[in-house]
Amino acid sequence: MSSSSSSSMSALKLKTVSEANPNDAANKAETVDLGNGSDVVFIQRLIPSEQSWKWFHYLDNHIPWTRPTIRVFGKSFLQPRDTCYVASSGLTELSYSGYQPHAYSWDDYPPLKDILDAVRIAMLKNSCKTAIKELKHWMTPEKVQTSLTTFPASAEILSEPLGVVLVISAWNYPFLLSLDPVIGAIAAGNAVVLKPSEISPATSALLAKLVGEYMDNSSIRVVEGAVDETSALLQQKWDKIFYTGNGRVGRIVMAAAAKHLTPVVLELGGKSPVVVDSNSNINLQVTTRRIIAGKWGCNNGQACISPDYIITTKDYAPKLVDALKTELESFYGKNPLESKDLSRIVNSNHFARLTKLLDDDKVSGKIVHGGEKDETKL
């Protein structure tokens with residue numbers, strides 16, 4: 001089992017083993033065991049389903065597990081059947097151990113925002129490691145068969161850089177969505193111009209500073225700005241354009257690229273319905289937790305794959321709504337606006353847009369839960 005750093009242990013408030021009631025351990029939502037210098041997080045009588053187990057193996061190398069992360073992923077992806085331990089060390093290591101009835105308390109934990117920032121850094125780090133590991137394989141020419149008419153010739157596919165690549169990134173995951181495509185472009189041997197989103201100005205300024213300080217400025221540049229700067233960039237001839245964002249701007253990007261027959265990668269948002277089948281034998285608590293984790297758990301709905309509406313039967317809808325109310329309170333408390341685990345809307349313009357939707361006559365009278373807003377807490 002992985003060892004914990006002293007800094008992580010110092011942040012935990014612990015009861016001694018003698019104070020813990022073993023009979024009460026199964027009812028604890030989270031416990032921590034520092035036996036042999038390891039942090040072990042206990043999830044309340046939970047064991048991964050087959051699909052959830054695949055998630056855990058994936059998250060094994062990507063997620064720094066701490067209490068808010070366990071709250072989101074533990075409640076949403078695990079079936080309530082038995083007991084599972086998760087041990088963590090550093091940013092990315094994870095392992096499992098058997099059931100031991102310790103019951104410690106974990107009162108101090110960082111805000112979910114800090115955890116998600118660490119998650120994105122860990123995912124970006126993993127992309128770097130993958131590129132370094134696979135680069136030799138990607139560069140190796142691929143042998144292909146030739147026809148009889150070309151005998152005795154041989155043939156191979158040789159990967160070559162396209163040239164200069166423009167990356168226009170999004171604001172909802174500004175660090176990850178900016179640098180992840182840059183990693184691929186650099187690995188392929190291209191020069192890169194990165195245009196971060198002006199809606200996340202702090203990250204844009206940080207990227208400009210760090211890239212200018214640590215990377216080769218003759219091959220990799222950051223251009224900051226808003227609509228005017230982006231329009232000026234799109235007027236240039238590029239060898240490939242990578243854009244992440246909405247369909248409206250995606251059309252503008254594609255139209256500009258078409259003038260030069262520039263290949264384009266568009267990663268656009270779309271509709272993400274959730275279908276809840278009332279005729280199937282589902283666990284309603286697990287279902288609602290998964291919906292909440294997908295909708296509010298990461299970035300408070302500000303993600304392209306966030307569920308935006310639910311499809312179910314008219315008779316089943318009241319049960320689903322009641323379950324969502326209960327689990328939302330479990331996740332974020334009676335006053336979600338005060339929760340440290342709920343992300344905030346990115347800026348006042350988007351806050352005003354969402355407020356206008358909530359205040360619409362067709363919507364305002366049909367809100368069954370929530371609807372509170374406070375612009376001072378952005």
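Colleague: How much of the 378 residues in the protein chain do buried residues make up?

Modeller: Buried residues make up 36% of the 378. Buried means under 20% relative accessible area, exposed means over 50%, and partly exposed is in between, computed with a 1.4 Å probe on protein chains only. This is a predicted model, in which local features need pLDDT of at least 70 and side-chain atom pairs count only at pLDDT 80 or more, while totals for chains, interfaces and linings use all residues. Residues are numbered from 1 along each chain as its sequence is written, and side-chain values use heavy atoms, with hydrogens and water left out.

Colleague: How many helices and strands does the protein chain have?

Modeller: There are 12 helices and 15 strands.

Colleague: Why is Ser 178 called buried?

Modeller: Its relative accessible area is 0%. The limit is under 20%, so Ser 178 is buried. Ser 178 is found in helix 5.

Colleague: What makes the approach of Ser 178 to Ser 169 a polar contact?

Modeller: The two side chains come to 2.6 Å. A polar contact is a pair of N or O atoms within 3.5 Å; within protein, one must be able to donate a hydrogen and the other to accept it, and residues adjacent in sequence count only if both atoms are side-chain atoms. A polar side-chain atom of Ser 178 also lies 2.5 Å from the backbone oxygen of Pro 174.

Colleague: Which residues is Ser 178 in contact with, leaving aside its neighbours within four places in sequence?

Modeller: Contact means heavy atoms within 4.5 Å. On that basis Ser 178 touches Val 167, Ser 169, Tyr 173, Leu 194, Pro 196 and Leu 207.

Colleague: How do you know that strand 9 and strand 10 pair?

Modeller: Two strands pair if DSSP finds at least two bridges between them. Strand 9 (residues 164–168) and strand 10 are joined by five bridges and run parallel, so they pair. Val 164 stands opposite Ala 191 in strand 10. Helix 5 (residues 174–187) carries the chain from strand 9 to strand 10 in a right-handed β-α-β crossover. Right-handed means that, with the strands pointing away from the viewer, the path from the first strand over the helix to the second runs clockwise.

Colleague: What joins strand 10 and strand 11?

Modeller: Three bridges, in the parallel sense, link strand 10 to strand 11 (residues 220–222). Strand 10 itself (residues 191–195) has four of its five residues buried.

Colleague: Why does Asn 172 count as buried?

Modeller: Its 15% relative accessible area falls under 20%, so Asn 172 is buried. Asn 172 lies in the loop between strand 9 and helix 5. A polar atom of its side chain lies 3.2 Å from the backbone oxygen of Gln 302. Beyond its neighbours within four places in sequence, its contacts include Asn 299 and Cys 304.

Colleague: Why is Glu 267 called partly exposed?

Modeller: The value for Glu 267 is 28%, between the 20% and 50% limits, so the residue is partly exposed. Glu 267 lies in strand 13 (residues 264–268). UniProt places the feature "active site" at Glu 267, in an unreviewed entry; such annotations may be inferred rather than shown by experiment, feature names are shortened, and positions are given in the numbering used here. Leaving aside neighbours within four places in sequence, Glu 267 is in contact with Tyr 243, Thr 244, Gly 245 and Cys 304.

Colleague: What caps the N-terminal end of helix 9?

Modeller: Asn 283 does, with a side-chain oxygen 3.0 Å from the backbone nitrogen of Gln 285. Helix 9 (residues 284–297) has buried residues including Val 286, Arg 289 and Gly 297. Just after helix 9, Asn 299 takes a positive phi of about 75 degrees.

Colleague: What makes Phe 331 and Tyr 332 a tilted aromatic pair?

Modeller: The structure holds one aromatic pair. Its rings, Phe 331 and Tyr 332, are 5.8 Å apart centre to centre, with 55 degrees between the planes. Rings of Phe, Tyr and Trp (its six-membered ring) pair if their centres lie within 6.5 Å; planes under 30 degrees apart count as stacked, over 60 as edge-to-face and the rest as tilted. The pair is therefore tilted. Phe 331 and Tyr 332 are both buried.

Terms used: Helix = DSSP H or I, 4+ residues; strand = E, 2+ residues; numbered from the N terminus.
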